[in-house]
Amino acid sequence: MKKTLLFTILILGAATHLFAQKPQMGGASTGEAKTYTTRRTIGIVDEKAPKIYEDVTVTTALANFRCVSGGAEKNYIIETTACTVAVFDYDNDGKPDVFLLNGSTMNAERGKEKAAKSALYKNLGNWKFEDVTEKAGLANERWGMGAAVADYDNDGDADLFIGNYGISRLYRNNGNGTFTDVAEKVGLSNKGWHTGATFGDYDKDGRLDLFVPAYLDFDLNNLPPSPADKGANGDKSPCQFRGQPVMCGPRGLKGAKDRLFHQKTDGTFEDVSVKAGVTDEGDYYGFSSVFVDVDDDRDLDLLVVNDSTPKQLYINKGDGTFEETGYASGIALNENGREQAGMGLAVGDYDNDGRIDFHITNFSDDSNTLYRNDGDGNFSDITFQAGLGEPTIPFLGWGTSFFDFDNDGWKDIIVANGHVYPAVDNFQWGTSYAQQLLLFKNTRNTNGGQIRFERVAAAPNGGLAVSINARGMAIADFDQDGKLDVITANSGAMPTILRNVSEAKNNWLKIKLVGDVAKKTSKDAIGSTVFVTTGKLRQRFDLISGANYASQDEQTIHVGIGGASKVDKLEVIWANGQTETFPVDVINKLLTLKQNERAK
């Protein structure tokens with residue numbers, strides 16, 4: 001690898017978008033740096049704001065966990081992207097448990113110190129958690145980069161795939177509180193830098209397949225320059241941000257190929273990337289992915305979010321192959337035709353028009369991006385029209401989800417943030433290393449027909465006021481009170497677990513789907529779609545694996561129904577394409593729907 005093929009970040013003229021880590025030799029950027037002296041990413045509170053979330057981390061056992069992600073200086077890109085989280089009910093007791101995926105260090109990778117351990121916390125109820133890592137066998141002890149959950153073997157227990165820097169793992173749930181790494185046995189012990197995977201049955205044979213994005217071909221024995229290194233003429237490191245030396249990458253470093261694995265009848269997996277047309281010809285820097293039905297033809301498509309390179313949308317052709325339509329669909333680039341440093345991915349129908357939309361997080365000095373699904377495989381970037389542009393520019397976004405925090409029937413957006421360059425705290429650049437979360441309420445108000453979002457103000461000492469260096473995030477109802485809570489995985493620190501303490505009194509419904517394996521729907525029904533109608537409002541929900549930022553939300557569908565006292569209609573399009581309508585005679589409870597059976 002040539003050490004000159006590296007980058008400097010440029011903010012040119014009045015533009016507010018990131019030119020994705022453009023190679024630059026030697027000294028400072030030739031562009032005019034635009035700073036945001038009036039903008040902040042920490043300490044933003046409103047004395048009059050009601051408290052929506054309360055930080056309860058220190059009252060739980062999760063406060064004992066620390067996510068290791070390299071050294072504090074962040075000299076190399078590998079030290080900046082770890083710390084993700086998966087929420088799933090590993091023991092089928094009805095309560096969402098927490099898996100925190102740990103990173104590692106350069107010395108650990110070289111065998112000079114012990115690797116950090118990941119952790120599984122059993123939810124005991126009433127905000128009590130128990131560390132069951134050792135009993136469960138989920139320590140990982142590798143440089144974890146992403147987690148995805150699914151019942152891949154259709155035995156009724158949730159399994160866990162972990163993308164590592166090094167060798168990936170597939171932890172099979174043994175059904176007795178323990179897990180076994182079967183990656184090598186089933187053909188998934190892949191070596192490389194693998195990130196936010198997703199499970200989905202793309203060929204509708206009843207067996208879940210796996211897509212695994214890859215980030216960089218990164219060699220610890222052939223490292224790029226660090227911020228302390230000098231250029232060829234003794235000047236600053238060739239890798240710079242606003243004229244200051246920083247770690248190098250991803251631009252100028254070699255990307256790695258994503259892989260699609262098809263599950264065979266014997267439970268093993270085969271690499272079908274080339275056969276299926278998912279070849280990642282550009283060796284893009286993959287971070288997050290999701291299998292979801294984008295074009296409503298009742299098979300699963302695939303979206304891949306890449307850092308500093310175009311996003312890829314693979315449309316399922318129904319014959320075991322995909323067509324990449326990122327550019328044609330309008331989702332590869334933003335509205336200005338630029339690549340963005342994509343990190344996290346929210347999946348949901350925010351405008352309740354029956355089509356799946358996406359929200360994608362990006363680097364600071366660039367906005368996050370909201371893609372509205374216009375139908376016929378086309379998307380529009382309506383970020384600024386929706387009110388999500390200007391407020392997100394100073395932030396560096398990671399995890400993100402569509403979720404209905406106040407149960408009013410309209411999906412809101414939450415974003416976990418944190419910078420990758422510790423040096424930003426040394427300058428008045430209008431950003432910071434630690435950052436607050438962003439919560440945007442769906443106002444239902446329109447601007448030229450486009451729904452608007454408004455940032456929810458942070459109450460002093462509230463959870464939204466907390467400054468953290470977040471990466472992964474997951475949404476779950478930890479205390480089962482019908483209001484959605486949040487957990488973030490934070491670089492170099494304990495996680496942050498936020499309890500929803502809002503005073504919203506709206507009604508809700510939770511739905512657990514159980515597929516009929518005999519009808520070629522996986523047991524956990526991944527890839528199914530639910531429509532819930534209350535009055536004139538019809539909401540869509542897709543049961544997915546992965547997305548967010550290399551993390552996993554609770555896989556129970558949560559439906560806010562506002563002031564409605566009943567559900568008028570509930571439809572399920574199962575992953576095999578079958579449609580069923582279920583009667584609903586309860587609200588504010590969990591409803592279990594089994595394919596080809598009456599609701600219970």
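Let us start at a cysteine: Cys248 is buried, with a relative accessible area of 1%. Its partner is Cys239, and the two form a disulfide with sulfur atoms 1.8 Å apart. Cys239 is buried as well, at a relative accessible area of 0%. Please keep in mind that this is a predicted model.

**Disulfides**

How many disulfides are there by the distance rule? The count comes to two. Cys67 and Cys83 lie 16 residues apart, each in the loop between E3 and strand E4 (84–88), and the pair links distant parts of the chain. With bonded cysteines counted along the chain, the pattern reads 1-2, 3-4.

**An open sheet**

Now to the strands. Four strands make an open sheet in the order E3-E35-E34-E33, with antiparallel pairing. Strand E3 (53–55) and strand E33 (470–476) stand at the edges; each has a single partner strand, so one side of each is left without a neighbour in the sheet. From one strand to the next, the twist averages 25 degrees. E33 is joined to strand E34 (residues 485–490) by five bridges, and these two run antiparallel. Within this pairing, Met473 stands opposite Thr488 in E34.

**A covered strand**

Is strand E28 (residues 412–417) mostly covered or mostly open? It is mostly covered, with six of its six residues buried. In a regular strand, side chains alternate between the two faces of the sheet. In E28, Asp412, Ile414 and Ala416 point one way, while Ile413, Val415 and Asn417 point the other way. Strand E27 (residues 397–403) runs antiparallel to E28 and is joined to it by five bridges. Ser401 stands opposite Ile414 in E28.

**A loop asparagine**

Finally, Asn576 sits in the loop between strand E40 (569–573) and strand E41 (579–582). Its side chain makes a polar contact with the side chain of Thr521 at 3.4 Å. The side chain of Asn576 also makes a polar contact with the side chain of Gln595, at 3.4 Å. Leaving aside residues up to four places away in sequence, Asn576 touches Lys204, Lys519, Lys520, Thr521 and Gln595.

Notes. Residues numbered from 1 in each chain as written. Predicted model: local features only at pLDDT ≥ 70, side-chain atom pairs only at ≥ 80, totals over all residues. Heavy atoms only, no water. Polar contact = N/O pair within 3.5 Å; in protein donor to acceptor, adjacent residues only side chain to side chain. Contact = heavy atoms within 4.5 Å. Buried < 20%, exposed > 50% of the residue type's maximum accessible area, 1.4 Å probe, protein only. Pairing = 2+ DSSP bridges. Axes fitted to C-alpha atoms, helices over the stretch in contact; angles between N-to-C directions. Disulfide = S-S within 2.5 Å.
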